[in-house]
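These are my notebook entries on one structure. I set out to look up its helices, its sheet, its cores and the surroundings of a ligand.

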Amino acid sequence: MKSKTKFSNNVPSQWCPGCPNHLILKALQNGLEELELTPQEVCLVSGIGQAAKLPHYLKGNFFNGLHGRALPVATGIKLANPKLKVIVTTGDGDCYGEGGNHFLHTLRRNPDITLLVHNNSIYALTKGQASPTTPKGEKRALNPRGVEDEPLNPLALALIQGTGFVARCSALEIEHLKEVIKEAINYPGLAYVDILQPCISWLKPSLETLKKETFFLSHDPQDFEQALKIALDPAQKWGLGIIYKNPWPKPVLGEGFYQHFSLEQLTHLPPLDLTIAQNLLKAH
Ligand SMILES: Cc1ncc(C[n+]2csc(CCOP(=O)(O)OP(=O)(O)O)c2C)c(N)n1
Ligand code: SF4
Ligand SMILES: [Mg+2]
């Protein structure tokens, strides 16, 4: 794994030394380089949180917006310029909590973007409060008697919403992570990767737990029923790999628009919409 790529920049990192977010960044930079992409062809989109800082440290286009709002922005960017590789980097709080509504609707809309969730099961930036993926019973400063809610199962949710590419990776398995990221970027449609990312300051889960418990899955990722079983089975919660990859990708958001309308047909639209439509057709 190269430490310097054409996606490296010199922005000083605000992450704790030793945070596995550094490994996710490295896997992404190397993956993009191996795909022979240029910084001009990539657009990173994020909200707020430690995970959401990743676009600051990668050379390329980026949009750093409001907490939880990365997915609708990324969808808009992809529709406006379908040639860009659009990648969202977000945390479990940002994506499943504050942005839960956007997560749900992006899953069913199927824009052709890549979604990387740094899942440390806490709100790390704001000092370790419980997030939607914090295990039940876990004691936190604001939950001194333990979290009462059942954790969200975002992988199962993504599967039942018809997401074509669903994977679980570990930030500590950096080569594997890089390969899955490359496959996700090349997948036509929403490709979603939940990345187990221990936070070494607030310790969820510990590095040792992650190293000890994770294993590589060996099922057929084209088998939807098997994929759903894995996502629902607590005994498989440390299983890493592509859980599901639909070999018959669904149409992506916007595809119908580009395929079924000509510029002539669009001349009946009101002036503002016509300008947007012309730009879209030119970009495609
Ligand atoms: C609307 C809004 N609510 C709350 C916050 C405070 N806030 C900033 S980051 C964050 C949690 C981020 O958690 P996560 O997405 O899991 O990222 P991590 O820091 O764990 O990588 C919160 C609650 C905010 N900035 N904006
Ligand atoms: S607080 Fe946790 S997630 Fe944030 S940079 Fe430090 S180790 Fe990483
Ligand atoms: Mg988090």
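I looked up burial in helix H2 (residues 70-80) and found Ala70, Leu71, Val73, Ala74, Thr75, Lys78 and Leu79 buried. I note that the model is a predicted one. I then asked what covers the buried residues of H2. The cover includes E1, strand E2 (61-64), E3, helix H3 (92-98) and helix H4 (100-109).

Entry 2, the sheet. I traced an open sheet of 8 strands in the order E2-E1-E3-E4-E8-E7-E10-E9, and its pairing is mixed. Which strands stand at the edges? They are E2 and strand E9 (215-216); each has a single partner strand, so one side of each lacks a neighbour in the sheet.

Entry 4, strand pairs. E1 and E2 are parallel and share 4 bridges, and Val45 stands opposite Phe63 in E2. Strand E1 (residues 42-46) is also joined to E3 by 4 bridges, again in the parallel sense; here Cys43 faces Val86 in E3. E3 in turn pairs with strand E4 (residues 114-119) through 5 bridges, in parallel, with Gly91 opposite His118 in E4. I checked the cover of strand E3 (residues 85-91) as well, and 6 of its 7 residues are buried.

I looked up the largest nonpolar core and found 58 residues, with Val166 and Val193 having the most contacts inside it. Helix H1 (residues 21-34) gives the most to this core, namely 6 residues. Leaving aside residues up to four places away in sequence, I listed the contacts of Val193 as Leu115, Leu116, Ala167, Cys169, Val180, Ile181 and Ala184. A second core, separate and of 5 residues, includes Ile122, Tyr123, Ala124 and Cys199.

Which residues are around ligand 2? I listed Trp15, Cys16, Cys19, Asn21, Gln50, Asn120, Ala124, Cys199, Ile200, Ser201 and Trp202. By class, this shell has 7 nonpolar residues, 4 polar ones and no charged ones.

Definitions and conventions:
Residues numbered from 1 in each chain as written. Chains lettered and ligands numbered in written order. Predicted model: local features only at pLDDT ≥ 70, side-chain atom pairs only at ≥ 80, totals over all residues. Buried ≥ 20, exposed ≤ 12 C-beta atoms within 10 Å, placed from the backbone. Pairing = 2+ DSSP bridges. Near = placed C-beta within 6 Å. Nonpolar A, V, L, I, M, F, W, Y, C, P; charged D, E, K, R; others polar. Contact = placed C-beta atoms within 7 Å. Core = buried A, V, L, I, M, F, W, Y, C linked by C-beta atoms within 7 Å.
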